[in-house]
Amino acid sequence: MNTRVCPASADSLSLAARLLADGALVAFPTETVYGLGANALDADAVLSIFAAKGRPADNPLIVHIHDTAQLEGLCEIPPMARPLMDAFWPGPLTILMPRTPRIPDCVTASLPTVAVRMPSHPVARDLLKACNLPIAAPSANRSGKPSPTTAQHVLEDMQGRIPLILDGGPCEVGLESTVIDICHGTPVILRPGGITKAQLESVLGTVDLAPSILRPLGKNEVALSPGMRYRHYAPEGAITLVTGSEEEVLQALPRLYRQAVADGKTACVLCFHEHMEALRACHPHDLGSRLAPQETAHRLFDVLRELDAEHMDCIYSEVLPPEGVGLAVMNRLGRAAAFHTLAAKDAGKGADKA
Ligand code: TXA
Ligand code: MG
């Protein structure tokens, strides 16, 4: 199959809408990451999403809408949903709601809830309006790769697998939406994202965090969100998160880098913009300013893709406080590192003695 990449225009949007109505897949930009869309009411079309991504069938999809009237007949709307929709839609918030039988089982992996989101990206909104269908769309990466934040990333993963990628430029947020479960008592954030815990609490009162956001799932632990079971965003090399004071980390990163290189490995560091100069001998990759976690969110997946393109073996990364958008960054970076963490003050001291 030939994969076309088209800038969003009246013509490409109507082609995309026709493809979706005919049961084909279309990749499109959202404010978070690019999505791989299919008509959510067409089970065969939805199954082809799983095939194109190589995604396990037990990992459910998010349904995208442009108007809350589209929820009619798809799900029940719990009382907490309305204030959330009013405050954060359109935008990077996905809400779990009890589903109706109209949604094919393959969309929800047979769970009793459906995840719904109204994106704010103008191209996503124009596409959703043009086809006027609820669109099931996971991130448009091959399963296990970082989510795509540019049309080029989508092409790398989906060339020959889908007919059309709508190019809307780089995604603004850069990490996937916040997923919240409001179906059982106290609301729970299953996946942190662009809408923060504090923002949600300003509308709902107390909001809990799913326990496995900043640590691996335990052996017999059930994932509240099936996606949390899988090692997402895994680069080919091993990422180590290096923690400690700014001074300790700036001293440890060169030690760790030199040790890896002495061991014959390809190595690099992921550091904040302010440290690029100090770490210039350590093949640094820029995570954006340490004072602006939204910059790190915006760049992270692009940086993770670069690591694979450069076939890095050992990657040492600075960390952010897990607060606000920093929580979403540390959830993705933590999972990419399989939560492998080293205290800077002890790290790599052997390298300089040798
Ligand atoms: O920003 C985003 O959310 C992007 C864009 C394209 O909208 N989409 C996205 O979809 O990230 P995906 O499929 O990559 O991630 C959806 C996450 C998965 O972790 C999945 O397990 C969870 O949402 N999820 C979906 N439906 C669920 C449900 N009914 N119950 C629990 N978790 C659910
Ligand atoms: Mg994904």
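Guide: Let us begin with accessibility: buried means under 20% relative accessible area, exposed over 50%, and partly exposed in between (1.4 Å probe, protein chains only). This is a predicted model, in which local features need pLDDT of at least 70, side-chain atom pairs count only at pLDDT 80 or more, and totals for chains, interfaces and linings use all residues. Residues are numbered from 1 along each chain as its sequence is written, chains are lettered from A and ligands numbered from 1 in the order in which they are written, and side-chain values use heavy atoms, with hydrogens and water left out.

Visitor: Why does Pro 90 count as partly exposed?

Guide: The relative accessibility of Pro 90 is 38%. Because that value falls between the limits of 20% and 50%, Pro 90 counts as partly exposed.

Visitor: What does Pro 90 touch, and where does Pro 90 lie?

Guide: Pro 90 lies in the loop between H3 and E5. Contact means heavy atoms within 4.5 Å; leaving aside residues up to four places away in sequence, Pro 90 touches Met 118, Pro 119, Ser 120 and Arg 125. The C-alpha atoms of Pro 90 and Arg 117 are separated by 7.8 Å, although these residues are 27 apart along the chain.

Visitor: What makes H1 oblique to H5?

Guide: Helices (H or I, at least four residues) and strands (E, at least two) are DSSP runs, numbered from the N terminus. Axes are lines fitted to C-alpha atoms, for helices over the stretch in contact, and angles run from 0 to 180 degrees between N-to-C directions. The axes of H1 (residues 10-21) and H5 (residues 122-131) come within 9 Å and cross at roughly 55°. Angles under 35 degrees count as roughly parallel, over 145 as roughly antiparallel, 65 to 115 as roughly perpendicular and the rest as oblique; H1 is therefore oblique to H5.

Visitor: Which residues of H1 and H5 meet, and how many are nonpolar?

Guide: Leu 13, Ala 16, Ala 17 and Leu 20 in H1 meet Val 123, Asp 126, Leu 127, Ala 130 and Cys 131 in H5. The contact of H1 with H5 has eight nonpolar, no polar and one charged residues, where Ala, Val, Leu, Ile, Met, Phe, Trp, Tyr, Cys and Pro count as nonpolar, Asp, Glu, Lys and Arg as charged, and the others, Gly among them, as polar.

Visitor: Why is H3 called oblique to H7?

Guide: H3 and H7 (residues 197-204) pack at an angle of about 130°, with their axes 10 Å apart. That angle makes H3 oblique to H7. Pro 83, Leu 84, Ala 87 and Phe 88 of H3 make the contact with Gln 199, Leu 200, Val 203 and Leu 204 of H7.

Visitor: How do you know which strands of the five-stranded sheet are edge strands?

Guide: Two strands pair if DSSP finds at least two bridges between them. The five strands form an open sheet in the order E14-E13-E15-E12-E16, with parallel pairing. E14 (284-286) and E16 (341-343) are the edge strands, each pairing on one side only.

Visitor: What makes E12 and E16 a pair?

Guide: Three bridges join E12 (residues 238-243) to E16, and the criterion is at least two. Val 242 stands opposite Leu 342 in E16. Helix H8 (residues 246-262) packs on this sheet, touching E12, E13, E15 and E16.
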